[in-house]
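Biologist: I would like to learn how to read strands, sheets and helices in a model. Could we take it one feature at a time?

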Amino acid sequence: MVESRVRIVNRLGLHARAAAKLVRAAGAFSSTLRLERADRGAVADAKSILSVLMLAAARGTELLITAEGPDERAALDALCRLVGSGFGEEEE
Amino acid sequence: MSRRRHKAERRWRGVAVSDGAASGRVLRIHSGGRHSIYRVSLEGAELEREVRRYRAAVRLARRQLLVLKKRAARTLGEEHAYIFDAHLLMLEDRKLNEDVEAVIRGEGVGSEWAVKVVTDRLLAVYEEIKDDYLRERSSDIEDVTRRLLVALSGESTGGRRLTEDAVVVAEELMPSTLAEMDFTHVRAVATDVGGWTSHTAIIARGLGIPAVVGLRDFYRAARTGDSAVIDAGSGEVILHPTAGTLERFGAARRAAREVADARPQPAAEDLRAPLRTRDGVEVTLRANVELPVEYEWVNRYGARGIGLFRSEFLLSHGGAMPGEEGQRAAYEELARVAGDEGVTVRLFDLGGDKLPALRSDAGEERNPALGLRAIRFCLSRPELLRTQARAVLRAAARGRVDVVIPMVSDLSDVRRTRAVFEEERDRLGAQGVDAGRVRFGAMIEVPSAVLVAERLAREVDFFSLGTNDLVQYTLAVDRGNDEVAGWFRSLHPAVLLSVRRALDAARAGGIPAVVCGEMAASPAYAAVLLGLGARELSMAPPSIPRVRRTIAGLEQAEAAEIAGACLECGDADEVEELVRVRLGGRWPNLFPPEILPPPKSRG
């Protein structure tokens, strides 16, 4: 199992589009992927959009991503990159 | 028993989220989430059959969403289609489907009830979310729930076949409801909730459908079949309009329908020929475009390039801006569509009131029209402006792209914007990325810009006159405020003097000036603008043929004489009377009474 901490940087937070991108990305891997809010321990299955949206992760929220499975390293890197890049959205 | 036509006229005021006006018969659309769901008890083998029925409904809903997503991407652009991707993922969500099936089996109930139990639980969790924007996303869950329930009922959602033109009225329109309708039959939209950045608003703007939202209790009062007027110019909605009211809206309605009519014009060849007045003055008509669905209109209606692209229309649902790459692709596509004449991209013309997602620290502004908006907003959010600058410069390497700065109030706005572009050009150069030449224009829409227009003309490459804002700021009249609606007059002599002054300054400075507000699209106003010295007009493409016919049929010298007389008038009433009598008298075939200002009934 591998894990990494990332911070939500895009202004809108983990909203529907960002969540959709994240869930699509997670779905490409066979590993189990979990997101956990560092502040209050809410946990989400990264392959379930409803679960991800339920985290209500606004900008600035710190997430602990854990990956477990055959492609865990690649999966973790992919999700960290996506969150860290602000889901490719405009920032100001 | 009162008959329909005897019902008293009633008025509502909401938020206008698009342009135009229309009247017609109401079609009430029941919003999602309010179906009556009954608990049906099942047992034994019935339960497995019920689970299979649920799964079939999910598959049906999924197929519908795939079609919808494709259609939205085609007509509205990829950045607006994403919402249906989120809906698809929700439908495929393991958690949702496992929970629903567990409720069916565990409680021995029908699918509808199970869907309601599970989604109500989800929505309850959403209600607790503190972040406004994220909490709003519950409407997406409601939309998916509604779709599932309809699929379970065996009805098709595409069954909302509008066979005749209707004014669509709803408490709230789900994004997919509007996206699924046959747009050609939707004359107008009126809803009780919603705002400028709601998806429904964006779609209505994209399709040129007059829409007013935030009416609070209109849905309850309106009945299917009632007569109604929707005026997205003023934000006013009128139920049971009197004959007199309908007559007053006649001209506006015809204009709106013409704009909504996107069918190809047979005489496309003639549309491309140079346009001259009868006395040989050449006039250029360009296109205002917003959403991808309109891009092909540029050629269809024979526009000479794109005179105004309002870049804030790249904003996605909820106010996220596309990144540099997304913007570059959009501007390049626009430049390709616009051809040799190129596209003029107006820098983001928004303030915090329109961009809840980007409103950060300031909170509510007491006076947003005079606040941090347009170029002021861009300059105060340097990364926003820099990203846009880089995208424009890169696109300009591949096609002709110019920029126009919104709400310029003096030279420093121009100089600061140019400096940002120059810095980004250097940075791109250092990175070995091609940057093209970009011309800079100033929007002339506030009185200070009019008063220093000569000086501005020495430092910019062209002017764009935004007449809507020019009227608002020159006359100090809030166009959204009903109490002062009587003071909002496009043909006020002060407005005409401002237009004249800006056009003269452009000519003296040797730069072109394009008039791109709503005035340009109305034949009578276009004639006055021509008389004041305008030689370039930019408008919604479907308005071009009509304005073209008007200009080709009149003499500029005489229009100038009439415009000169307008400038001497004491107030807007006098100007309107003069326009009505002189234009209608000189060119009666070009200006039938219904497109001229109505005669004043002085009481």
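Modeller: Start with a pair of strands in chain A. Strand β2 (residues 32–37) of chain A and strand β4 (residues 62–68) of chain A run antiparallel and are joined by six bridges. Keep in mind that this is a predicted model.

Biologist: Which residue in β4(A) is the bridge partner of A:Leu33?

Modeller: The partner of A:Leu33 is A:Ala67. As a general idea, side chains in a regular strand alternate between the two faces of the sheet.

Biologist: What is the order of the strands in the open sheet of chain A?

Modeller: The order is β1-β4-β2-β3 (chain A), with antiparallel pairing among the four strands. At the edges are β1 (2–7) and β3 (43–45) of chain A, each of which pairs on one side only. From one strand to the next, the twist averages 25°.

Biologist: Now chain B. How many helices and strands does chain B have?

Modeller: Chain B has 25 helices and 17 strands. Of its 603 residues, 51% are buried. Among contacts in chain B with a separation of 6 or more, 69% are between residues 24 or more positions apart.

Biologist: In which sense do strands β4 and β5 of chain B pair?

Modeller: Strand β4 (residues 166–170) of chain B pairs with strand β5 (residues 186–191) of chain B in the parallel sense, over five bridges. Within this pair, B:Ala166 stands opposite B:Val186.

Biologist: What does strand β15 of chain B pair with?

Modeller: Strand β15 (residues 462–465) of chain B pairs in the parallel sense with strand β14 (residues 440–444) of chain B, over four bridges. There, B:Met443 has B:Ser464 as its bridge partner. β15(B) is also joined by three bridges to strand β16 (residues 513–515) of chain B, again running parallel.

Biologist: How should I read two packed helices?

Modeller: Two packed helices are described by the angle between their axes and by the distance between the axes. Helix α22 (residues 523–532) of chain B and helix α23 (residues 544–552) of chain B pack at an angle of about 50°, and their axes are 9 Å apart. The two helices are therefore oblique to each other, and their crossing is right-handed.

Biologist: Which residues of α22(B) and α23(B) meet?

Modeller: From α22(B) come B:Pro523, B:Ala526, B:Ala527 and B:Leu530; from α23(B) come B:Arg546, B:Val547, B:Thr550 and B:Ile551. By class, this contact has six nonpolar, one polar and one charged residues.

Biologist: One last case, a single residue. Why does B:Lys95 count as partly exposed?

Modeller: B:Lys95 is partly exposed because 19 other C-beta atoms lie within 10 Å, while a buried residue needs 20 or more. B:Lys95 is found in helix α3 (residues 94–107) of chain B.

Biologist: What does B:Lys95 touch, leaving out residues up to four places away in sequence?

Modeller: B:Lys95 touches A:Asp45, A:Ser48, A:Leu50 and A:Ser51. Within its own chain, B:Lys95 is 23 residues from B:Val118 in sequence, and their C-alpha atoms are 9.9 Å apart.

Conventions
Residues are numbered from 1 along each chain as its sequence is written. Chains are lettered from A and ligands numbered from 1 in the order in which they are written. This is a predicted model: local features need pLDDT of at least 70, side-chain atom pairs count only at pLDDT 80 or more; totals for chains, interfaces and linings use all residues. A residue is buried if 20 or more other C-beta atoms lie within 10 Å of its own, exposed if 12 or fewer, and partly exposed in between; C-beta atoms are placed from the backbone. Two residues are in contact if their C-beta atoms, placed from the backbone, lie within 7 Å. Two strands pair if DSSP finds at least two bridges between them. Axes are lines fitted to C-alpha atoms, for helices over the stretch in contact, and angles run from 0 to 180 degrees between N-to-C directions. Angles under 35 degrees count as roughly parallel, over 145 as roughly antiparallel, 65 to 115 as roughly perpendicular and the rest as oblique. A crossing is left-handed if the near helix is turned anticlockwise from the far one by less than a right angle, and right-handed if clockwise. Ala, Val, Leu, Ile, Met, Phe, Trp, Tyr, Cys and Pro count as nonpolar, Asp, Glu, Lys and Arg as charged, and the others, Gly among them, as polar.
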